[in-house]
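Dear colleague,

I am passing on the structure below, together with notes on what was found in it. Please read the notes with the coordinates open beside you.

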Amino acid sequence: MRTLACLTLAASLTGLAGCQSLLNSRYADSVPPTRGVERIQGLAESASIRRNALGMPLIESGTFHDALFALGYVHAGDRLSQMVGMRLLAEGRLAEMAGPGVLEMDRFMRAVNLKRSAEELYAGASPRLKRFFEVYARGVNAYMFRYRERLPMDLAESGYRPAYWKPEDSVLLFCLLNFGLAVNLQEEIAALVMAQQVGADQLPWLLPIYPDEALPFDEAQKLAGLDLKGQLPGLQAVGQAAAQIAAQHMLGVAASNNWAIAPERTRGGKSLLANDTHLPLAMPSLWNFVQIRSPKYQAAGISLAGVPAVVAGYNGKLAWGMTMVMGDNQDLFLERVKREGGRLLYLADGQWLPAGERQETFFIKGQRPIRETLYETRNGPLLNSVLGERKHALQPMRLESGYGLALKTTQFERDASLDAFFDLSRAQSVDAAFEATREIRAMPLNIVFADAQHIGWQVTGRFPNRREGRGLLPSPGWDARYAWDGFADPMLHPYDQDPPQGWLGSANQRSVQPGYGMQLSSSWYYPERAERIAELAGSGQHDGRSMIAMQYDQTSPFVAKLQAMFNDPGMQGPLRDAIAALPAA
């Protein structure tokens, strides 16, 4: 048996070696060299790229122009397939590379229309920032041109030939990341599915709500009296498409934490900052570590391949990190719809109005193109007008009557968020960081930052003022009582600086108490991670080792809470009786 096992192992290793040899012969030259000099047209002077043992690049150049160009070249060399895939996902064009299996995702993303969002955001950027994006795109394209016949294996095998990179593509990836930071859409879809099963009166018992808050029976009254069974065509398909996108780690992802310790609580007498931008395990990771050194710009930290920025890191004077603030800036609206005279109509304040129409063409690998009509109401695109049960995957569904699902978001606003993110990475003090982060409107975040002597926290984003309701459940779109009335004044966004407790931190928990002057969210994550950070950050003096120990900590206060609940005399007896009454295994 031992001999047979050894022969089997040897055969397996030989097969793997042969496979490796085949891959090397076909794709080794698709990998950029790790040493030597390359002549690349587009650099003003020169740039040096060195990598540490983990492959993380250090880019050094005599000008910021060349640093940006080199960053684009490095990102493409490291993550071209990821960049192309994310661009196709954001555009709703994945089927061009992957075939009809992802067509529903494309339909969903075309309805969401991130392309329009990116156009608005790029239009609001300064000429200076647009130049930065253009130089970065030229760096990406320099790599794509040099390796145009030596694409990475997955791209080459797919047969897809990616278009060259445009500056707007980087903004599109930023918008995709921003869209993924909102979690309420999936919650509202799930709430509708549950409402169909248990009714609006029982739904509040199943909704996520913070432990010390009352169940949202008042919110559920929005759905009271509505016959939802069989009246929501395409709801299941909408949920499935959202789940598919979430599986790409681009929708409703949250598990980050950050904290900053003030100088009086550190052994070295200077501030300390830590940040874990948690995302699900993926190959490759969404994040890409990079360090840049040029005369007018220095920064090291994480980047997103496709975007010319250090997202979170350190620039020699200031450290900054971020978590999701769990901002609720997406709402689903139920729309009463009907067809009349070949037009789709929706009800608004007692009147039937024609839905807006947008024609979209889908190119599908191995299939003929299809052309479909997308509909919009005053509240946004109808998701279930493009998604739904079909006899054939390529057959457009015709929404005849019942309820439409309109998605309203904050993404079609023009602002200076892109400039503000860049200014944050150049800020030399906590005061300058506050100035930059107050201008970040496009993305809802908890940003914590620290210089040597000060620490700060700022909530960023754009948050709707709802006339009625909390946004936890879909609202009747035909009733203007539930409409948005502009956005909260940014002066109301929570912030703090150098608090008496000597530390600041966040972990996707509820940032403000109920009754605060603006509504951030009702979709907070559980409080225990933040409670544990508070427990550790407020204990003793800190240094680098204690910060790392905090990041590796595995203690959850939830366990003690659960034990106390089970051991409570009022719970213990009934729980024991309930267990005893269970049928035998």
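**Domain 1 against domain 2**

The centres of domain 1 and domain 2, taken over C-alpha atoms, are separated by 31 Å. The domain assignment, an automatic or database one, gives domain 1 as 40-181, domain 2 as 198-250 + 329-409, and domain 3 as 256-327 + 416-478 + 489-560. To the contact (heavy atoms within 4.5 Å) domain 1 contributes 25 residues and domain 2 contributes 31 residues.

Before going further, please keep in mind that this is a predicted model, in which local features need pLDDT of at least 70 and side-chain atom pairs count only at pLDDT 80 or more, while totals for chains, interfaces and linings use all residues. Residues are numbered from 1 along each chain as its sequence is written, and side-chain values use heavy atoms, with hydrogens and water left out.

About 2,300 Å² is buried between domain 1 and domain 2, with carbon and sulfur atoms giving 65% of that area; buried area here is the accessible area (1.4 Å probe) that two parts lose on being put together, summed over both. On the side of domain 1, the residues that lose the most area to domain 2 are R107, F108 and R110, which together make up 31% of what that side buries.

The rule finds 2 salt bridges across this interface, a salt bridge being a side-chain nitrogen of Lys or Arg within 4 Å of a carboxyl oxygen of Asp or Glu. R107 also forms a salt bridge through its side chain with that of E372, at 2.5 Å from N to O. Elements that give two or more residues to the side of domain 1 that touches domain 2 are α2 (64-91), α3 (95-98), α4 (103-112) and α8 (167-180), where helices (H or I, at least four residues) and strands (E, at least two) are DSSP runs numbered from the N terminus. The largest share of that side, 10 residues, comes from α4.

**Two residues, T377 and A224**

T377 lies in strand β13 (residues 370-377), and T377 is buried, with a relative accessible area of 8%, whereas A224 is partly exposed at 39% (buried means under 20%, exposed over 50% and partly exposed in between, with a 1.4 Å probe and protein chains only). Not counting residues up to four places away in sequence, T377 touches E335, Y346, L382 and A406.

A224 sits in the loop between α10 (217-220) and α11 (235-247). A224 and A200 are 24 residues apart in sequence, yet 5.7 Å apart in space, C-alpha to C-alpha.

With kind regards
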